[in-house]
Amino acid sequence: MQQAIVRKILCPVDFSPQSQSVVEHATKVAEIFNAGIVVLNVVDDLAPEYIPYRKSSNDMQMLHRTLEQDSQNRMKLHIQPKLRNTQNVTMLTAFGKPTEMITRISKEQHAGLIMMATRSMGITNQFIVGSTTYRVVRTAPCPLMIFSRPEQKFRPIRLLFPTDFSELSQQAVPYLIKFAKEYDSDVHVVHYRSMQSAATRDPKIEMDAIKRMLTLNGLKRLFINDDIKGMSPSNAILKYAKENTIDLIVLSAHGAGGFKQFFLGSTAVEVSSRSECPTLVVRKIDWSL
């Protein structure tokens, strides 16, 4: 089994309390992976309030210099204290649409993980709102950890891994194992049965295979449920997470198994947007520009 490797963590910030809390969580995750942190503030220089400063190329250059200086000053004031003694930190300011720039910078920086809040009301551009995060879920070139309540302490001692038994859904397993070993976590492995699943593989057999694999990888406290209930896969996952006080959901962004292909973007987006606990959406890394 391949290991989960993260050498750089990208944290988009808008200087709100929510994004600052995510930076604090990133320092802990960076320790787990021995990773560096790239803090990114995206300034939408085409926003209406900047129209008077866009009359010429010289005006735009002056605007960019002013905005970048302001951004870097806010980094030192609001972000640097949250980084504690974290080594290998880069603070960047970029201009453009937040979704596009977060994706682009994550590729340019070869980020192995993006960490951000689902909602945020920042001092500058208030850009880490739902729609931005959910677009990043679809376009991110690497795994994405999303926090709906970043002000809460991050200590994932109860992990939830939903699976459809497909090869693609298994790409989340190395990350599951990494966090489970670090925090000595209880691990809940669940499956949502669809109408199509009965005609292909036996969920009990598939679950037994996953249980053996996780046990061989050193996980001890496993809780297996091959038939979680709900109106839809995302509804069932969220319901199970709430009932079992889950601290972190780890799931694949895509799935294409013989069962219901229920990790095709929409479920990952729905779970990450509605979950009360953090969600780690794992996808295959693709840094190509």
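**Exercise 1. Determine how many aromatic pairs this predicted model holds, and describe the pair of Phe147 and Phe154**.

*Solution.* The predicted model contains 4 aromatic pairs. In one of them, the rings of Phe147 and Phe154 lie 5.7 Å apart, centre to centre, with 75° between their planes. Planes over 60 degrees apart count as edge-to-face, so the pair of Phe147 and Phe154 is edge-to-face. Phe147 has a relative accessible area of 1% and is buried; Phe154, at 3%, is buried as well.

**Exercise 2. State which parts of the chain the pair of Phe154 and Tyr183 ties together**.

*Solution.* Phe154 and Tyr183 form an edge-to-face pair, at 6.3 Å centre to centre and 75° between the planes. Phe154 belongs to the loop between β5 (144-147) and β6 (158-162), while Tyr183 belongs to helix α5 (residues 173-183); the pair therefore ties together parts that are 29 residues apart in sequence. Tyr183 has a relative accessibility of 19%. Buried means under 20%, so Tyr183 counts as buried. Ring pairs link Phe154 and Tyr183 with Phe33, Phe147 and Phe179 into a cluster.

**Exercise 3. Describe the side chains of strand β10 and identify the strands that bridges join to β10**.

*Solution.* In a regular strand, side chains alternate between the two faces of the sheet. In β10 (residues 279-282), Thr279 and Val281 point one way, Leu280 and Val282 the other way, and all are buried. Next come the bridges. β5 and β10 run antiparallel and are joined by 3 bridges; Ile146 stands opposite Thr279. Strand β9 (residues 248-252) runs parallel to β10, with 4 bridges between them, and Ser252 has Val282 as its bridge partner.

Terms used:
Residues numbered from 1 in each chain as written. Predicted model: local features only at pLDDT ≥ 70, side-chain atom pairs only at ≥ 80, totals over all residues. Heavy atoms only, no water. Phe/Tyr/Trp six-rings, centres within 6.5 Å; stacked < 30°, edge-to-face > 60°. Buried < 20%, exposed > 50% of the residue type's maximum accessible area, 1.4 Å probe, protein only. Helix = DSSP H or I, 4+ residues; strand = E, 2+ residues; numbered from the N terminus. Pairing = 2+ DSSP bridges.
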